[in-house]
Amino acid sequence: MLKKLAILAAGSLPVLFFFWYAYHFSTPFPNEDDIPAILAFINRAFPFAPEAGRLLFVPFREHVILPAKLIAYLQVAVMGQMDLKMMILLGNLFWVRVTWILYRLSQEAKLPALLFLPVPFILFQVQFSETALWPMALWSNLIVVWLAVESFNLLISEKKEFWRFGLAFFLGLTATFSNGNGLLVLLIGFGVLLFQKTAPKRLVVWGAASVLVVLAYQWAKSLGVPDTFYGVQKNPLKWLLGSMIFVGNYGDFISGSLKKVALGLGFVVTAALVVINLGQWKKPSYGTSFHFRMLVFFLFILATAGGVAILRTEPVGLDAMYLGRYRHYSALAVALGYLSSVVYLYPKRQANWLLAGTMAASLVVGIFSYYRDWGYRYMDNQRFFTDAYNMQHNNALYLEMPAPQEFASIFQETLAKNLLKADLTSFEDFKWPSSSDNLPLAPITIHIDKSADTTRCVEVYTVKSTTPQFELTPNALWFWALKSDQRTFLYPTTSLKTKPAQFVRQQTYFQPGFVGELATCQLPEGEYTLFLVHIAENKEAEFYATKQTIRP
């Protein structure tokens, strides 16, 4: 008993730290895509607008994100406001449920709890923080994984009650209207039923109902604007490589430095699952076995990889497959490969070798992923804050674009209706100094970069300072401010990381100084003074003069 409690405590550590991290770094401000996808829906649909039913199904790009809209609507109906931080915490619970399903299945396969220990360390790390801290992505891109695993787990069972069949289909239907790849749940589910030689009546019901779901999905897609950004990859080699990168992206845990490792890991995980199942499929109970479940879960990931590789690698190239927003799929694929392999090897001693190697690798990946992401969270939250300020006070977003965007007016409408829980701050609250004469000086260099890209500002000011230094204090933000007599526009700063060895020796994460790109083509004419501003929790705002003025 004590051994099981110790294993449970150890396995809970990455989960608890992951949720602390998500709560600590999640922001009440919306990601750009949250604005047209969720805020715009709430503005029009609440309270109980006649067109709310239709608006639920209007797609965002290629996805019908029904759960994301429903949870936002439910929050406003119950609490009066959307709480994006709460949406993030609730959305990450889907990952906990997936982990629990894998644990229960491993117990049914008579796997000792100790051999399951690497799985939470594989799954709960922040390579996919882009998804884990993004409300819309959680309630579309992560929920669809849970819906797929839950649906397949109900289908692949020795128990054949009709309610299991019906619930599995309902979860597949919900997945279809959660994310674009959700339709794969119904397609793979039909294949599972065929393989299990299910009663013809159930096959007909699943197939006919799936056709109706596809027609409904096409109707929903017709309500939106066609997305013509993506091409179709016609090179089979690039498609294969893109798919394997998607599966093995977990291996590229140092900012693009291990791309070949990711590609190799994709092939290894795929080969392991295929080879193990080839040796099992003739067994009478294979259709409800642990290995078959792992394979079906993996097929959903592999089919998703194939679809993404077809659409995303043309014209962008294979680099599109390394995006952080896909890495939760890869983490789950690695966990499935490990579990299938260790169950296959147990009780041979090679299972313990695999445990030791996987545990060590998952710890290394977790440490590097948190180290890499920790500072990036500060940089990203500065962007969310400055975007929210500019939308609230200047009706402006994407200042690098030559024309104003409608997203700002959507955000302002949400604020005017008090539908979003966010502590927005005006510059009057910062106690803006009446004069810059007595402010500390932040020496800077500034130059103009010109671009031929007509979709962006032709000229952008690139500004760099050598001091001060970013310190990882609670809720710390640094940003550039262009202030005129009438308006103030904010721009996020960025800082360069120190080397890991310097971080260990001196506990210094960032190098001194800040960088910023100041696009001014949307700014009203006038003279703007440039300041560097620092705010942090329980501290008054600090202002630094630069002795630099800009005239757009």
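Modeller: Start with the element names. Helices and strands are DSSP runs, numbered from the N terminus; a helix needs at least four residues and a strand at least two. By that rule, Pro468 sits in the loop between β2 and β3 (477-483). The model is predicted.

Colleague: How many helices and strands does the protein chain have?

Modeller: There are 19 helices and seven strands. The chain is divided into domain 1 (1-28 + 83-346) and domain 2 (423-550). Their centres, taken over C-alpha atoms, are 41 Å apart.

Colleague: Why is the chain called as compact as a globular protein of that length?

Modeller: The rule gives 24 Å for 552 residues, and the chain has 25 Å, so the two are close and the label holds. The C-alpha trace spans about 85 × 60 × 50 Å along its principal axes. Of the 552 residues, 53% count as buried.

Colleague: What share of the contacts links residues 24 or more positions apart?

Modeller: Among contacts with a separation of 6 or more, that share is 75%.

Colleague: How do you know that Cys457 and Cys521 form a disulfide?

Modeller: By the distance between their sulfur atoms. The cut-off is 2.5 Å. The sulfur atoms are 1.8 Å apart, within that limit, so the pair counts as a disulfide. The structure holds one disulfide.

Colleague: Which parts of the chain does the pair link?

Modeller: Distant ones. Cys457 is in the loop between β1 (444-450) and β2 (459-465). Cys521 is in the loop between β5 (515-519) and β6 (528-535). The two cysteines are 64 residues apart. The link is left-handed, with -50 degrees about the S-S bond.

Colleague: Are the two cysteines buried or exposed?

Modeller: Buried means under 20% relative accessible area, exposed means over 50%, and partly exposed lies in between. Cys457 has 4%, so Cys457 is buried. Cys521 has 37%, so Cys521 is partly exposed.

Colleague: Which residues of α12 are buried?

Modeller: Leu203, Trp206, Ser210, Val213, Tyr217 and Ala220. In an α-helix, residues three or four places apart point the same way because there are 3.6 residues a turn. The cover over the buried residues of α12 includes α3 (52-57), α9 (135-155), α10 (162-176) and α11 (183-195).

Colleague: How does the span of α12 compare with the expected one?

Modeller: Helix α12 covers residues 200-222, which is 23 residues. The helix reaches 33 Å from its first C-alpha to its last, close to the 33 Å expected at 1.5 Å a residue.

Colleague: What is the phi of Tyr398, and what of Lys547?

Modeller: Tyr398 has a positive phi of about 55 degrees, although Tyr398 is not a glycine. Phi of Lys547 is near 60 degrees, also positive in a residue other than glycine. Most residues other than glycine have a negative phi.

Colleague: Where are these two residues, and are they buried or exposed?

Modeller: Tyr398 is in the loop between α17 (350-394) and α18 (407-416). Its 19% is under 20%, so Tyr398 is buried. Lys547 is in strand β7 (residues 542-550). Its 59% is over 50%, so Lys547 is exposed.

Conventions: Residues are numbered from 1 along each chain as its sequence is written. This is a predicted model: local features need pLDDT of at least 70, side-chain atom pairs count only at pLDDT 80 or more; totals for chains, interfaces and linings use all residues. Side-chain values use heavy atoms; hydrogens and water are left out. Buried means under 20% relative accessible area, exposed over 50%, partly exposed in between (1.4 Å probe, protein chains only). Domain bounds come from an automatic or database domain assignment. The radius of gyration is taken over C-alpha atoms; the globule rule is 2.2 Å times the number of residues to the power 0.38. Contact means heavy atoms within 4.5 Å. The expected span of a helix is 1.5 Å times one less than its number of residues.
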